[in-house]
Every structure is written in structure tokens, then in C-alpha cells.
Amino acid sequence: MDDLYRDEILEHYRNPHNFGTLNEPSAVHEGANPLCGDRITLMLGINDEGTVEAVAFTGRGCAISQASASMLTDEIKGKPLAEIARLGRQDVLDSLGIEISPARLKCALLSLDTLRHALDGRIEWQGSTDES
Amino acid sequence: MAIVRSLDPVAVRADFPIFERDFNGRRLAYLDSAATSLKPRVVADAVAGYLTRYSANIHRGVYQIAEEATAAYEDARATIARFINAPSPREIVMVRNATEAINLVAHSWGRQHVGRADTVVLTELEHHSNLVPWQLLTQEKDADLEFVPIDDDGRLVLDTYEALLRTHPRLVSFPHVSNGIGTINPAREMVELAHARGALVLVDGAQAVPHQPVDVQALGCDFYVFSGHKALGPPGSGALWARRQLLEEMPPFLSGGDMILEVHLRRTTFNRVPHKFEAGTPDISAAIGLGAGLDYLSAIGMDAVRAHERELTDYGLEVLPRAVPGLRIYGPLSSSERGGIITFNVPGVHPHDVATILDRAAVSVRAGHHCTMPLHERLGEAATVRASFGVYNDRDDIDRLAEGLAGVVRLFSR
């Protein structure tokens with residue numbers, strides 16, 4: 001029936017990667033889409049070299065928002081902030097690997113948006129998030 | 001006793017051009033009439049007719065097409081009055097939608113009559129459009145807002161309503177039918193109780209006018225509002241009905257051209273009702289279109305419409321729980337107390353995911369909070385799925401919904 005809900009997405013939804021909390025996170029942010037009840041709390045452990053050593057998230061919401069968060073945490077783990085700051089909306093959509101309609105875009109981008117806010121003040125964001 | 005004509009959805013769909021489209025080879029199963037209704041060809045033709053054949057401004061010109069436009073617009077007003085059994089078209093103010101109608105009452109009547117420490121009584125069911133204007137009014141006036149709660153079945157707790165009435169509120173307002181969960185409220189009884197305590201009543205009829213017979217005189221309320229776009233009309237049409245005496249006493253809402261009689265540099269006299277409340281050039285074609293939409297519904301007969309939707313509701317309440325074990329349905333479970341609306345949740349699946357998957361099968365439902373965030377807080381849910389019925393729906397649409405939901409369950413339990 002569904003490319004949108006392909007196995008990989010459902011797998012990330014059912015068994016999200018890096019799900020949980022960090023004891024002493026360097027950065028935290030809670031993002032939400034109040035309109036639909038999607039929420040993500042992202043925690044980052046950043047070392048002195050500016051690399052994301054540890055990442056964890058908790059959340060609840062639709063499959064797209066949670067799967068996207070799970071995939072994003074895999075993507076950023078072990079990466080330097082400078083590289084993470086170049087992540088944009090297309091990278092998120094590429095990881096999800098599916099067509100997202102405008103109505104669901106907010107769900108898909110919630111995790112990236114949360115990440116941006118978590119790193120606010122630490123780094124200048126380069127990637128396009130295109131929140132018109 | 002009149003025989004209720006029965007409605008033939010197949011024949012009805014032939015009147016709605018949108019069904020000529022196919023969606024992935026399937027007919028559209030549109031189950032979101034509570035958000036807006038689809039439009040019959042006669043409505044589109046009425047709009048196009050104005051725009052192409054007599055698109056003059058109204059109330060001003062003395063040439064032929066101006067007279068034609070004015071007549072068509074005022075005919076629409078008369079059609080609206082008849083449709084809700086208002087005593088006169090003079091008591092119908094044409095507006096863009098129910099939201100505008102409510103804002104009109106809040107600004108025009110509310111600011112004059114609601115003062116410091118006064119109370120306005122609403123319910124936990126309110127659509128944001130019948131909540132936010134009253135919040136702003138009571139905040140501005142330092143007045144109080146009280147809410148009639150619902151019980152766990154989605155019915156208003158009338159004991160609490162009566163208790164709140166003892167504070168002698170200035171105004172009571174509630175939905176005739178809840179757009180969120182479908183509850184049909186005991187409107188006439190609530191109006192009587194309110195009047196006994198000296199309160200005026202505004203009934204939000206947005207979800208009632210398109211789906212059941214409405215008689216504002218029998219209801220006895222003071223203000224009644226509805227949106228044209230939910231009643232087969234174009235977006236940009238709608239009406240406020242109010243008692244003549246109230247309209248006479250109320251100051252204007254929006255001001256400018258057409259709502260005036262005489263204008264001098266430093267003083268102006270206002271037009272008679274209802275034109276006093278219609279400033280500027282209105283959405284003329286939308287009003288004419290709404291007239292055509294209401295005529296279409298009248299030809300079917302609102303008793304037949306209600307009977308049809310009630311039958312679909314019964315069917316839905318029966319088959320949907322079979323398709324989804326543990327389906328949570330909100331609101332009263334008997335169709336006699338529920339409009340053609342079934343709001344539900346699939347255990348473990350977010351409404352957005354449900355709606356997206358159903359969309360693949362050309363089944364359109366609404367996912368979210370349906371402009372009733374406080375109601376959803378009360379239900380303890382961030383979001384729900386809502387299926388709602390109209391004259392073009394049939395059991396096949398509900399079967400497709402059930403089939404789609406069974407598919408959702410399978411997909412998410414693999």
C-alpha cells in the first residue's frame with residue numbers, strides 16, 4: 001500500500017534509535033507541533049572539540065515525526081558541529097526517502113527544528129530549513 | 001404526517017462535478033463535510049452566472065444589470081431567512097462565515113452589554129470561533145467567562161449549566177451540534193433556561209444548518225449563526241440571524257459604504273437593518289451561490305437529509321469498531337444524540353498517520369484538533385480523526401473507511 005510508510009520508517013517508529021535521556025547533556029531542547037501533538041526532546045553531549053559525542057531523544061507523535069528524529073540522531077552522532085550546521089531540510093527528506101506532502105512537512109522537520117534550537121547560540125546554522 | 005423523502009446518494013453525486021475526478025482510479029470518498037461541504041453544479045453555475053452575466057455592484061445602480069444583481073443578492077437573503085424560518089429577511093445579516101457573525105455580535109452587542117464583572121457562559125465544546133471572540137471581549141471588559149463541562153460521553157452537564165445560570169450571565173452561547181464530537185445539544189431547553197435567568201442566547205449553528213431542519217423561532221434563541229461553505233455554498237458566504245429589536249439597538253460593526261443613509265464631513269446616519277451591518281461591497285457571488293445551495297438542500301428536504309446522515313452514522317458506529325479492535329469513539333454513542341460526525345482514535349496510531357494512509361485510498365478524513373483544542377484537552381488527546389457525512393455519502397464510503405482503517409491496523413502491527 002505504502003511508500004510513505006515503508007518498512008524502514010515503521011521500524012524507526014517502533015524501535016527508535018538513541019531513545020532515552022543523557023545524564024548531563026550539553027544542550028537540550030523540547031520541540032513540539034501543538035497543532036497535532038508531535039513532540040521531541042533532544043539531548044546532546046558535545047565534547048571540547050565541538051563534536052557531538054552523545055545524543056538521545058524522547059518523544060511521541062506521528063510515525064513521520066518520530067522516525068525522522070530517530071534517523072537524525074543517527075546522522076549527527078559523532079559529527080562535528082560545523083558539519084551538523086549544514087544539515088538542511090533536503091537531508092531530512094533524503095533520509096526519510098519518501099515524498100512528503102506540504103501538510104506533513106512540519107512533522108518531518110520537527111526534529112531538525114528542535115536540533116537547531118538546541119544548538120542556538122553555539123553555532124551559526126547554514127543548512128536550509130525553509131520554514132516559510 | 002409527511003412522508004420523509006429518502007435521498008439517493010448516487011443521484012446526488014451526479015449533481016456534484018467533483019465526483020467526475022478519479023483519484024488513483026477511485027471515486028472520492030469525502031468524509032470531511034464538517035470542515036466544508038462539496039459544491040453542486042448549480043452553486044458553481046450561480047456564481048459563474050453572476051460573474052459572467054450581471055456582475056454589477058448592488059444597491060446602487062439604476063441600470064438593468066445593477067437591478068438584476070441587487071435582486072439576486074436580496075433573493076439569497078430571503079432564501080436564507082426561509083431556510084431557518086426567520087420571521088423576516090430583515091433579520092438576516094449576510095457575512096463571510098460564522099466566525100464573522102460571532103465577531104459581529106461580540107463587538108456590536110457584546111461591547112455595549114457586557115461590562116465589568118458580568119458573565120458570559122460557553123461550553124467545553126466550543127469551536128475556537130465561538131470561544132476566542134468572547135475571550136477577547138471579557139478580557140477587555142474585565143468580565144468573566146464560565147464553561148459548561150461535558151461528561152465522559154460528551155454530553156453537556158445540564159446541572160452545571162443551571163448552576164452557572166444562577167449567576168445571571170449576560171449571554172449564553174453553545175453549538176447546536178458539536179463539530180468536534182458530534183453531540184447534538186438540547187438547544188431549545190437550554191434557551192428556555194437561559195431566558196428564565198435573563199440571559200440572551202447565541203446558538204452556533206454551523207454544524208446544524210446543513211444537516212437538519214433548523215427553526216430559529218421554535219428554538220427561541222436571540223442570535224443564530226452559520227457558514228455558507230458548510231451548506232453547499234461557496235466560501236465567503238454565511239449569515240447572522242438576530243431578533244429585529246436587537247439589530248435595531250446594536251451599533252454598527254464594520255463601517256463605510258452601503259451601511260449609511262447620509263454622510264457629511266462630520267456626521268453620518270446609518271442605514272436600516274440589516275444593511276446597517278453590511279459595509280462595503282460584499283461577496284456578491286458567494287451570497288448568490290449560497291442561495292442556490294440552500295435551494296438544493298430544500299429540494300431534498302432537511303428531514304430527509306437528517307434521516308440519511310443518521311442512517312450513515314448508525315452504520316458507521318456499527319462497522320468501524322469491527323474494523324479496528326479497541327477503536328475509541330468520542331461523544332454519545334446513539335445516533336439520536338449525534339450529528340453525522342464520528343470522531344475516533346486508532347489505538348497506537350497517530351491521527352496524522354491514519355489520515356495520510358486513508359488519503360492513499362481516496363478517503364478524506366480530518367486529523368487534528370478540529371479547531372477545538374480545549375475539547376481535546378478535556379478528552380485527553382492531542383489529536384483525533386474525524387469522519388463526517390453529507391448528502392453525497394453512502395454506505396460504500398463508510399465501508400471504504402473501515403477497510404482503510406483495517407489496513408492501518410495491519411500496517412502498524414507488522
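Read along the sequence, chain A follows the pattern α-β-β-β-α-α-α-α. That gives chain A 5 helices and 3 strands; helices (H or I, at least four residues) and strands (E, at least two) are DSSP runs, numbered from the N terminus. This is a predicted model, in which local features need pLDDT of at least 70 and side-chain atom pairs count only at pLDDT 80 or more, while totals for chains, interfaces and linings use all residues. Residues are numbered from 1 along each chain as its sequence is written, and chains are lettered from A and ligands numbered from 1 in the order in which they are written.

**Chain A overall**
- The radius of gyration of chain A is 14 Å, close to the 14 Å from the globule rule for 132 residues, so chain A is as compact as a globular protein of that length. The radius is taken over C-alpha atoms, and the rule is 2.2 Å times the number of residues to the power 0.38.
- Along the principal axes, the C-alpha atoms of chain A fill a box of roughly 45 × 30 × 25 Å.
- Of the 132 residues in chain A, 40% are buried (20 or more other C-beta atoms within 10 Å of the residue's own, with C-beta atoms placed from the backbone).

**Helix packing in chain A**
- Helix H2 (residues 63–76) and helix H4 (residues 89–96) of chain A have axes that come within 10 Å and cross at roughly 105 degrees. Axes are lines fitted to C-alpha atoms, for helices over the stretch in contact, and angles run from 0 to 180 degrees between N-to-C directions.
- H2(A) and H4(A) are therefore roughly perpendicular (65 to 115 degrees).
- H2(A) contributes A:Ala67, A:Ser68, A:Met71, A:Leu72 and A:Glu75 to the contact, and H4(A) contributes A:Val92, A:Ser95 and A:Leu96. Two residues are in contact if their C-beta atoms lie within 7 Å.

**The sheet in chain B**
- An open sheet of 4 strands in chain B has the order S11-S12-S15-S14, with antiparallel pairing. Strands pair if DSSP finds at least two bridges between them.
- S11 (328–330) and S14 (366–368) of chain B stand at the edges with a single partner strand each, so one side of each lacks a neighbour in the sheet.
- S12 (residues 341–345) and S15 (residues 384–388) of chain B are joined by 4 bridges. B:Phe344 has B:Val385 in S15(B) as its bridge partner.
- Helix H11 (residues 302–323) of chain B lies across S12 and S15 of chain B, at about 20 degrees to S12(B).

**Between the chains**
- 12 residues of chain A are in contact with 11 residues of chain B.

Methods
Angles under 35 degrees count as roughly parallel, over 145 as roughly antiparallel, 65 to 115 as roughly perpendicular and the rest as oblique. A residue is buried if 20 or more other C-beta atoms lie within 10 Å of its own, exposed if 12 or fewer, and partly exposed in between; C-beta atoms are placed from the backbone.
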